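Reader: I have the sequence and the coordinates open beside me, and I would like to go through them step by step. Could you begin once they are displayed?

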Amino acid sequence: MEFKEVYCMNCKKVLGRYNIKFYDDDKISELLKTTHSSHVRKGHQVNIKKFVKN
């Protein structure tokens, strides 16, 4: 399965993993604005990377 992983570089932790089948790029960017907005407001560097789980 393929996932997109939202990772905070400052906290060095995964904020969430979202299945590509159900979450497209638009939905993930909307989650960044709502759910993970506290990290963004604090000036943390948040990256989205592809994660493959066998």
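This is a predicted model: local features need pLDDT of at least 70, side-chain atom pairs count only at pLDDT 80 or more; totals for chains, interfaces and linings use all residues.

Reader: Is Ser 37 buried or exposed?

Author: The cut-off for calling a residue buried is a relative accessible area under 20%. For Ser 37 the relative accessible area is 11%, so this residue counts as buried.

Reader: Which residue has its backbone oxygen 3.3 Å from a polar atom of the Ser 37 side chain?

Author: A polar contact requires a pair of N or O atoms within 3.5 Å. The side chain of Ser 37 has a polar atom lying 3.3 Å from a backbone oxygen, and the residue that supplies this oxygen is Thr 34.

Reader: Turning to the sheet, which strands stand at its edges?

Author: The sheet is open and has three strands with antiparallel pairing, in the order E2-E1-E3. Two of the strands have a single partner strand each, so one side of each is left without a neighbour in the sheet, and these edge strands are E2 (13-19) and E3 (46-52).

Reader: What is the bridge partner of Phe 3 in E3?

Author: Strand E1, made up of residues 2-8, runs antiparallel to E3 and is joined to that strand by seven bridges. For Phe 3, the bridge partner in E3 is Phe 51.

Reader: Which strands does helix H1 touch?

Author: Helix H1 covers residues 25-34 and packs on the sheet, with a direction that makes about 25 degrees with that of E1. The strands touched by helix H1 are E1, E2 and E3.

Reader: How many residues apart in sequence are the parts that Lys 50 and Glu 2 tie together?

Author: A search of the whole structure finds four salt bridges, and one of them joins Lys 50 to Glu 2, with the closest N and O atoms 3.3 Å apart. Because Lys 50 lies in strand E3 and Glu 2 in strand E1, the pair ties together parts whose separation in sequence is 48 residues.

Reader: Is Lys 50 buried or exposed?

Author: A residue counts as exposed when its relative accessible area is over 50%. The relative accessibility of Lys 50 is 56%, and Lys 50 therefore counts as exposed.

Reader: Which residue forms a salt bridge with Asp 25?

Author: The closest N and O atoms of this salt bridge are 2.7 Å apart, and Asp 25 has Lys 4 as its partner. Asp 25 lies in helix H1 and its partner in strand E1, so the pair ties together parts that are 21 residues apart in sequence, the strand residue being Lys 4.

Reader: Which residues are linked with Glu 5 in a network of salt bridges?

Author: Glu 5 counts as buried at 6% relative accessibility, whereas Lys 49 counts as partly exposed at 39%. These two residues form a salt bridge whose closest N and O atoms are 3.9 Å apart. The network that includes Glu 5 also links Arg 17 and Lys 49.

Reader: Where is Lys 12 found?

Author: Lys 12 has a phi near 55 degrees, a positive value in a residue other than glycine. With a relative accessible area of 62%, Lys 12 is exposed. Its place is the loop between E1 and E2.

Terms used
Residues are numbered from 1 along each chain as its sequence is written. Side-chain values use heavy atoms; hydrogens and water are left out. Two strands pair if DSSP finds at least two bridges between them. Helices (H or I, at least four residues) and strands (E, at least two) are DSSP runs, numbered from the N terminus. Contact means heavy atoms within 4.5 Å. Axes are lines fitted to C-alpha atoms, for helices over the stretch in contact, and angles run from 0 to 180 degrees between N-to-C directions. A salt bridge is a side-chain nitrogen of Lys or Arg within 4 Å of a carboxyl oxygen of Asp or Glu. Buried means under 20% relative accessible area, exposed over 50%, partly exposed in between (1.4 Å probe, protein chains only). A polar contact is a pair of N or O atoms within 3.5 Å; within protein, one must be able to donate a hydrogen and the other to accept it, and residues adjacent in sequence count only if both atoms are side-chain atoms.
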